[in-house]
Amino acid sequence: CRQLVCVSAPETAMIADRLSAMEGRRRAAIEQRMDALRRRLRQTLLWESLAELRDDARDEAGHYALARAYYDLAADCPFLSDGACALYPQWPFACAEYLAASDPARCANPFDPGLRAVHAGPGLAETLARLWACRWREPLRWIALPLAVDWARRNETQLRAPLPAESLIRHFCLQLEITLGSMQGGAGMQAKAKSGEIENEA
């Protein structure tokens, strides 16, 4: 668990709530590890790039380079506790959807060209990111996991804003269709056109 994990804005609230609900000493240990990792990141060229991850400001090659540089830090995930994820089972979708069918020995290096990844399905993290972007009329954004709790605390008013349940569910389904369409190379454009209707309702 040393890879760059990016989460959607709604997921930051879930992560912050999960951390708040933990027993005091366990929570304090995780917060100390997060602080240490953030201090370490501030001393590198990665900090500025991680502080604002937007889809309109990155390309696939650039994101790969960023992920590789982060991995080269050999920094354990701050939520890794006694070899297990302290967030599980409410862990980020990016972690839940990360699957491989190769020899487990290859997992020591996720950039090993022999590592065979398994496509896990609909991309729920991207769907939530799209839902948030459409709701608040802003570019699609991602938050690096070490920064997620701080981001949630800074944006608590938006994260806790009530939304009509029926509109939210319909909007989520439309954004899921868009995500699936983008993964299939072009389908889902009709849903993208419809999404503005729900945006105006929210």
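Biologist: How many helices and how many strands are there in the chain?

Modeller: This is a predicted model. Both kinds of element occur in the chain. The count is ten helices and seven strands.

Biologist: What pLDDT does the chain average, and where is the pLDDT below 50?

Modeller: The average for the chain is 82, and 81% of the residues score at least 70. Where pLDDT is low, the predicted coordinates should not be read in detail.

Biologist: Which element gives the most residues to the largest nonpolar core?

Modeller: That core has 43 residues, and Leu 4, Ile 15, Leu 50, Tyr 70, Phe 79 and Leu 145 have the most contacts inside it. Elements giving two or more residues include α2 (24-42), α4 (60-72) and β7 (141-144). The top contributor gives five residues, and it is α1.

Biologist: Which residues does Tyr 70 touch, not counting those up to four places away in sequence?

Modeller: Tyr 70 is among the residues with the most contacts inside the largest nonpolar core. Its list includes Leu 37 and Leu 41.

Biologist: Is Glu 11 buried or exposed?

Modeller: Glu 11 lies in helix α1. Leaving aside neighbours within four places in sequence, Glu 11 is in contact with Pro 92, Phe 93, Ala 125 and Leu 128. Buried means under 20% relative accessible area. Glu 11 has 2% relative accessibility, so Glu 11 counts as buried.

Biologist: Why does Ala 74 count as partly exposed, and what is its phi near?

Modeller: Ala 74 is found in the loop between α4 and β3 (80-81). Ala 74 counts as partly exposed because its relative accessibility is 38%. Its phi is positive, in a residue other than glycine, and near 55°.

Biologist: Where is Arg 137 found?

Modeller: Phi of Arg 137 is near 55°. That is a positive value in a residue other than glycine. Arg 137 is found in the loop between α6 and β7.

Biologist: What is the peptide bond from Tyr 88 to Pro 89, cis or trans?

Modeller: Pro 89 sits in the loop between β4 (84-85) and α5 (93-96). The omega of this bond is near 5°. The bond from Tyr 88 to Pro 89 is cis.

Conventions:
Residues are numbered from 1 along each chain as its sequence is written. This is a predicted model: local features need pLDDT of at least 70, side-chain atom pairs count only at pLDDT 80 or more; totals for chains, interfaces and linings use all residues. Side-chain values use heavy atoms; hydrogens and water are left out. pLDDT is the predictor's confidence in each residue, from 0 to 100. A nonpolar core is a set of buried Ala, Val, Leu, Ile, Met, Phe, Trp, Tyr and Cys residues joined through side-chain atoms within 4.5 Å. Buried means under 20% relative accessible area, exposed over 50%, partly exposed in between (1.4 Å probe, protein chains only). Helices (H or I, at least four residues) and strands (E, at least two) are DSSP runs, numbered from the N terminus. Contact means heavy atoms within 4.5 Å.
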